[in-house]
Amino acid sequence: MTRQLDLDPRPESPAPKPLVAVDRAIAELRRGAAVLVRAPGLRVLMLAAEAVGDESLARLQADAGVPPVLAVTGRRAGVLGLTETEDGVFRLSSQSGFDAATIAALTDPCAESNSPLDLSRLDVVKASGAEPACVALAKLSRLLPAAVLAELGGHAPFDVVQVEADDIAAYQTTAARSLVQVSQARVPLEGAENARIVAFRPSDGGIEHLAIVIGEPDPDQPVLARLHSECFTGDLLGSLRCDCGDQLRGAIAEIAQAGSGVLLYLAQEGRGIGLVNKLRAYQLQDAGFDTLDANLQLGFDDDERIYLPAAQMLRLLGIGRVRLLTNNPGKVESLARHGVEVTERVPHVFPSNDHNQGYLRTKATRGGHLF
Ligand SMILES: Nc1nc2c(ncn2[C@@H]2O[C@H](COP(=O)(O)OP(=O)(O)OP(=O)(O)O)[C@@H](O)[C@H]2O)c(=O)[nH]1
Ligand SMILES: [Zn+2]
């Protein structure tokens, strides 16, 4: 007999304080305000590089009492020719200081620059202080992965939001572990009428992930499953630049045909860099970079996704074993690492079109996808 899926109805506890502090910091950065990041023995005031203007830069310097430095990923430093090792985070400083236009030119490959950059005047060192946390916070804010920061000697500005570097580092894991089911409803889909959508929310009220459960999956058997990363352009608009729309509708059709299964619709747009950065990546691809190099130009890893939320949702649905619809061996490995047994990888390939041929070729030749 098929068991009903085990649905956990309610949050067990209020949002952990660390999540709340990071959420507040994200909101501040996105509106161009400074936040205070604390690391052991260190306090820095930071702005997201993408959101600085000359005025906020001047205020940062006045509040901290020292000239700001710039933190970028090793990826971005490598693209600029400032380092050969691309791991970690680098601190760039300049005797003459930075203005907003220079920061834009250093951090945003899509920025229109009026004057050529003089990189020879930059001091470049691998950073081990608060810089990695600051860059991680910019990434969590779905902004460009770069930060402007200044060490704070004296008092913090009275109204500044404060956040611990350790809480930033733990944020994604903590948020994923705190996911709970918050609502569900029957939603008949074209070709899969016996479907319901189950919504999962982290306890800080962060962005929800969805499970589309088709039929009545038997938790005692491996469940046919698809992890689908959100793609506004492909899923909703039918963009031909990728294969997401076909994969989404194809997975629903295949699961319906098999009788039952689950599609996790994960809020990780643009392989985890967010829609705005994905549009930047598209602009770079139109200038000749492939889908992986475009991410690196922006300072991101080629894939910024984590699959702990997916593993957690499967657990909450009572599913421990899956037959996974994917061409991406990374998804299989990652789910296994998070305790979900993948009994089989089921290929999920669709015909290419004139616009996504290069994208699919790159995934196969450089991304390790199996087509
Ligand atoms: N950064 C970036 N993201 C993209 C690009 N094209 C599509 N995406 C995103 O990539 C994700 C789609 O990847 P998936 O289909 O889930 O996964 P996959 O790694 O291709 O593996 P499969 O399971 O085989 O499909 C979505 O979040 C898209 O928004 C691109 O050129 N750049
Ligand atoms: Zn897509």
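In this predicted model, Cys-244 is found in helix H8. The residue is buried, because 21 other C-beta atoms lie within 10 Å and the threshold for burial is 20 or more. Leaving aside neighbours within four places in sequence, Cys-244 is in contact with Cys-231, Gly-234 and Asp-235.

Cys-244 is one of the positions that UniProt lists, in an unreviewed entry, under "binding site"; Cys-231 and Cys-242 are given there as well. Cys-242 lies in the loop that runs between helix H7 (232–236) and helix H8 (244–258). With 20 C-beta neighbours inside 10 Å, Cys-242 counts as buried. When residues up to four places away in sequence are not counted, Cys-242 touches Cys-231, Gly-234, Asn-356 and Tyr-359.

Ligand 1 is surrounded by 23 residues, and the closest are Ser-229, Cys-231, Thr-326, Asn-327 and Asn-328. Cys-231, one of these closest residues, is also one of the "binding site" positions in the UniProt entry. Several elements contribute to the shell: strand S11 (223–229), H8, H9, helix H10 (275–286) and helix H11 (291–298) each supply at least two residues. The largest share, three residues, comes from H9. By class, the shell around ligand 1 has 12 polar, six charged and five nonpolar residues.

Under "active site", the unreviewed UniProt entry lists Asp-303 and Arg-305. Asp-303 lies in the loop between H11 and helix H12 (308–316), and Arg-305 lies in the loop between H11 and H12 as well. Asp-303 counts as partly exposed, with 16 C-beta neighbours inside 10 Å. Arg-305 is likewise partly exposed, because it has 19 other C-beta atoms within 10 Å and a residue needs 20 or more to be buried. Leaving aside neighbours within four places in sequence, Asp-303 is in contact with Arg-271 and Gly-272. With residues up to four places away not counted, Arg-305 touches Ser-229, Gln-268, Arg-271 and Gly-272.

Arg-142 lies in the loop between helix H5 (131–140) and strand S6 (146–151).

Over the whole chain, 14 helices and 14 strands are assigned. The radius of gyration is 22 Å, close to the 21 Å that the globule rule gives for 371 residues, so the chain is as compact as a globular protein of that length. Along the principal axes, the C-alpha atoms fill a box of roughly 70 × 50 × 30 Å. Buried residues make up 43% of the 371 residues. Among contacts between residues at least 6 apart in sequence, 69% join residues at least 24 apart.

The domain assignment gives domain 1 (17–172) and domain 2 (179–268 + 305–365). The centres of domain 1 and domain 2, taken over C-alpha atoms, are separated by 35 Å. The contact takes four residues from domain 1 and four residues from domain 2. On the side of domain 1 that touches domain 2, the largest share, three residues, comes from helix H1 (residues 17–30). The residues of that side of domain 1 divide into two nonpolar, one polar and one charged.

Definitions and conventions
Residues numbered from 1 in each chain as written. Chains lettered and ligands numbered in written order. Predicted model: local features only at pLDDT ≥ 70, side-chain atom pairs only at ≥ 80, totals over all residues. Helix = DSSP H or I, 4+ residues; strand = E, 2+ residues; numbered from the N terminus. UniProt positions renumbered as here; feature names shortened; annotations may be inferred. Buried ≥ 20, exposed ≤ 12 C-beta atoms within 10 Å, placed from the backbone. Contact = placed C-beta atoms within 7 Å. Rg over C-alpha atoms; globule rule 2.2 N^0.38 Å. Near = placed C-beta within 6 Å. Nonpolar A, V, L, I, M, F, W, Y, C, P; charged D, E, K, R; others polar. Domains from an automatic or database assignment.
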